[in-house]
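Open the model in your viewer and keep the selection panel at hand. Each stop below gives something to select, then what is there.

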Amino acid sequence: MVKKAAVLALVLCLLLVLLGPGLAQAQGRLEVLESRTQMEFPSRLTFSLSVRSDVDISDIRLCYQIERVSFAEVTSEVYIEFVPANEVEVNWALEMVKIGGLPPGSGVKYWWLVKDTRGDKVETPPAQLRFDDLRYSWRNLTQGDVTVYWYEGGGTFGQELMATAQQALAQLARDTGAELEKPVRLYVYADPEDLRGAMIYPQEWTGGVAFTRYGTIAIGISPANIEWGRRAVAHELTHLVIHQMTLNPYSGLPAWLDEGLAMHTEGLLDPRFASRLAGAVAEDSLISVCSLASPFSAYTERSTLSYAQSYSLVDFLLSSYGQAKMLELLSTLSEGSTYDGALGKVYGFDTEGLDALWRDYVTRQYQTGEGLVVQPALAWF
Ligand SMILES: [Zn+2]
């Protein structure tokens, strides 16, 4: 018995000798105690880190990547300021006001690099988070590549939003052959006021936004205003699909094509726009197609006409030349072609040529009343 106890003591001593220095070293060496984040949507995302070593911590950096379509992977590296010590806790906030804001659900990947004065280094494994708008209790529904998020209006409202999105995609594919290439997240706020509260720089008129590089759409739709909501979903979804398809580092899309396709997927031209277009045809005050290639005027009257003309231009191209040509136009633009180069290659005319042909088309349409016949609601204006 005594002998057994002696052997056991000896084994224990040996174990302590073997493990002792190792344990002491592990406790003293540089180690990360905690890494965490705090979301305050839409204004800030705070990263926190606690680290310890047996010598002073000398260098802490935070690296992060924001998930979005770009032509090169961008990693931001932040040098954290702190007072060197052997145990340090640091916080750093990504202030959204400085980067123009992020849409709800944006993916952020981040990791930390830490060094102590002995030269030991630690790199934490990359962590992934979604910058969610946690102020609301979102429900969600996925079908194919579309996920709809909403928090007011119950299950039927969500299903209705999903059906609208799917119909819009089908309509767009019929008109242009363009299809969704990557998943899309559609966030439906309960009204435009809530939507503005989710944005860093909300504009007065914002009813919906397509964050095309993030694959995200945010719209304010009250369940009581689903009719308007259907148009808004179709409109923003079109922007997203068309941008996914044509994104290239060399050139963008003429505004009339981008907005015209979005308006066209909505369905028949809203009477307010049709009436404005009819007025401009009658007064011979149409805007040139060339000026409609640039972003539209902020003045309501001119902006309404710009949207109406864009719809009509796309309607002219689709009804006169068909779906295959529109798809070819989009593919040519996605290769970075100039607007005139793409129009010339596909249709055989440039912007000026389009202007002349379209003026003829729209004038005939409205003078013969064709433009009015398909817009029965115009009678109210
Ligand atoms: Zn638009």
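Select Leu141 first: Leu141 stands opposite Val148 in β10. This is a predicted model, in which local features need pLDDT of at least 70, side-chain atom pairs count only at pLDDT 80 or more, and totals for chains, interfaces and linings use all residues. Residues are numbered from 1 along each chain as its sequence is written.

Now select Gln143, which stands opposite Val146 in β10. Show the whole of β10 (residues 146–150): five bridges join β9 to β10, and the two run antiparallel. Strands pair if DSSP finds at least two bridges between them. Helices (H or I, at least four residues) and strands (E, at least two) are DSSP runs, numbered from the N terminus. β9 and β10 form a hairpin with two residues between them. Stop at Gly144 in the turn, where phi is positive, about 60 degrees.

Zoom out to the sheet. Five strands make up an open sheet with mixed pairing, in the order β9-β10-β11-β13-β12. β9 (139–143) and β12 (208–211) stand at the edges with a single partner strand each, so one side of each has no neighbour in the sheet. From one strand to the next the twist averages 15 degrees.

Next, the helices. Select α3 (residues 154–176): α3 lies across β9, β10 and β11 (184–189), at about 145 degrees to β10. Angles run from 0 to 180 degrees between N-to-C directions, and axes are lines fitted to C-alpha atoms, for helices over the stretch in contact. Then select α5 (residues 226–246), which packs on the sheet and touches β11, β12 and β13 (216–220). The direction of α5 makes about 160 degrees with that of β13.

Which residues touch the most other members of the largest nonpolar core? Select Ala165, Leu186 and Val188, out of 66 residues. Such a core is a set of buried Ala, Val, Leu, Ile, Met, Phe, Trp, Tyr and Cys residues joined through C-beta atoms within 7 Å; buried means 20 or more other C-beta atoms within 10 Å of the residue's own, with C-beta atoms placed from the backbone. Leaving aside neighbours within four places in sequence, Ala165 is in contact (C-beta atoms, placed from the backbone, within 7 Å) with Val146, Val148, Leu186, Val233 and Leu237.

Last stop: α9 (residues 323–334). The axes of α5 and α9 come within 8 Å and cross at roughly 55 degrees. Ile242, Met245 and Thr246 in α5 meet Leu330, Leu333 and Ser334 in α9.

Key: Two residues are in contact if their C-beta atoms, placed from the backbone, lie within 7 Å. A residue is buried if 20 or more other C-beta atoms lie within 10 Å of its own, exposed if 12 or fewer, and partly exposed in between; C-beta atoms are placed from the backbone.
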